[in-house]
Amino acid sequence: MRKITYREALREGLSEEIERDENVVIIGEEVAQYNGAYKVTEGMWAKYGDKRIVDAPISEAGFIGMGVGASMLGIRPVMELMFFSFAYVAWDQMINNASAVRYMSGGKINCPIVVRGPANGGTNVGATHSHTPENAIANVPGLKVVCPATAYDAKGLIKSAIRDNDPVYFMENTLLYGESWEVPEEEYLVPIGKADVKREGTDLTIVAHGRCVIMALKAAELLQAEHDLSVEVVDLRSIRPLDEDTICESVRKTHRVLLVEENKPFCGVDAQISHLIQEKCFDDLDAPIKRLSAIDAPAIYSKPLEDFQIPNVDRIVKAALSVG
């Protein structure tokens, strides 16, 4: 099977949906003639024209609001943020409008908008460009939150997100864009709300999402080779809806859990999962749940300091070995 990069997989998924449905449009900062800040939309403006690939001014509240309105009239807009940190600028449109349209219209009006772009830290671009807002967005009823870790999942999930009739917030990790995975050429979808066991194991479950999945898989290899520890890695893929069944099934199999995320620990995604496990699987645990998150401080420009702030393979290995 061929290998393509995470950004190429996204581009394929977007292109296939544009060709499949005339109502799909891409709107965002530098997505057209500049080919996208991270080149996800490279070549698409030249191929599909300026009615399907539309540049927007640096005004996130304005163009996200335009997308919300367009989606209520039958368009399926895919809105690209240059950084997901800028989602906070469009908070009112995302939280007060997009999330509530279906509820406030008594189910008569859908809001099939996708807001996508790079999220997370690790690129040394400072506090205002390195947020991990998946926990904050997932807290809002009516919104779906997706965080793919591989090129295969990125393509299958972006296609599902575009076809979904609810608002979907699609967070791509900046450091994954250039990484390659096997991706089939034929069409496929990955369902939103279904986690994936990326590696089978019997001694410990690591639950992660986004780039932390890739680090967890590398840590699992080291733990197997150096400590004869069999680690199962569960990739959430979707934060909301959350696949509770797959998480609990793995915990009941291994009886030990390590939760890993790049988010801050206070009210993080792992806090919700920790509550879920203690509520539904408490009697299956042989040791307390362990969490590994980013250090609770704004992101730092300095590369050595930011590398220290967010999880890495070594810290995951040490955390896994500390689970009782």
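Figure 1. Strand β5 (residues 114-119) is largely enclosed by the rest of the structure, because six of its six residues are buried. Buried means under 20% relative accessible area, exposed over 50%, and partly exposed in between (1.4 Å probe, protein chains only). Helices (H or I, at least four residues) and strands (E, at least two) are DSSP runs, numbered from the N terminus. The model is predicted: local features need pLDDT of at least 70, side-chain atom pairs count only at pLDDT 80 or more, and totals for chains, interfaces and linings use all residues. Residues are numbered from 1 along each chain as its sequence is written, and side-chain values use heavy atoms, with hydrogens and water left out.

**Figure 2. Partners of β5.** Two strands pair if DSSP finds at least two bridges between them. Strand β4 (residues 76-80) pairs with β5 in the parallel sense, over three bridges. Here R116 of β5 is the bridge partner of E80. β5 also pairs with strand β7 (residues 168-173), again in the parallel sense, over six bridges. Two positions mark this pairing. V114 has V168 of β7 as its bridge partner, and G117 stands opposite M171 in β7.

**Figure 3. Strand β7, covered on both faces.** Six of the six residues of β7 are buried, so the strand is mostly covered. One side carries V168, F170 and E172; the other carries Y169, M171 and N173; all are buried. Strand β6 (residues 144-146) runs parallel to β7 and is joined to it by three bridges. In this pairing K144 stands opposite V168.

**Figure 4. L10 in helix α1.** L10 lies in helix α1 (residues 6-20). The residue is buried, with a relative accessible area of 0%. Contact means heavy atoms within 4.5 Å. Residues up to four places away in sequence are not counted, and L10 then touches V40, A154, I158, F170, E172 and Y177. F170 and E172 are on one side of β7. A138 is 128 residues from L10 along the chain, and their C-alpha atoms are separated by 22 Å.

**Figure 5. T41 in a loop.** T41 is found between β2 (24-28) and α2 (44-48), in the loop. At 0% relative accessibility, T41 counts as buried. Its side chain reaches the backbone nitrogen of G36 at 3.4 Å. This is a polar contact: a pair of N or O atoms within 3.5 Å, where within protein one must be able to donate a hydrogen and the other to accept it, and residues adjacent in sequence count only if both atoms are side-chain atoms. Leaving aside neighbours within four places in sequence, T41 is in contact with R11, I26, V31, N35, G36 and E80. E80 is the residue whose bridge partner in β5 is R116.

**Figure 6. An open sheet of five strands.** The strand order is β9-β11-β10-β13-β14, with mixed pairing. β9 (196-199) and β14 (290-292) stand at the edges, each with a single partner strand, so one side of each is left without a neighbour in the sheet. Neighbouring strands are turned by 25° against each other on average, direction ignored. Axes are lines fitted to C-alpha atoms, for helices over the stretch in contact, and angles run from 0 to 180 degrees between N-to-C directions. Inside the order, strand β10 (residues 204-208) and strand β13 (residues 257-260) pair in the parallel sense over three bridges. T205 stands opposite V257 in β13. Helix α10 (residues 269-280) lies across β10, β13 and β14, and runs at about 160° to β13.

Figure 7. A disulfide is a pair of cysteine sulfur atoms within 2.5 Å. By this rule the count is zero. C212 is in no disulfide; its nearest cysteine sulfur, that of C147, is 10 Å away. C212 is buried, with a relative accessible area of 1%. C248 is in no disulfide either; the nearest cysteine sulfur, that of C281, is 3.4 Å away. C248 is buried too, at a relative accessible area of 3%.

**Figure 8. The whole chain, for context.** The protein chain has twelve helices and 14 strands. Of its 324 residues, 56% count as buried. The C-alpha trace spans about 55 × 40 × 40 Å along its principal axes. Among contacts with a separation of 6 or more, 81% come from residues 24 or more positions apart.
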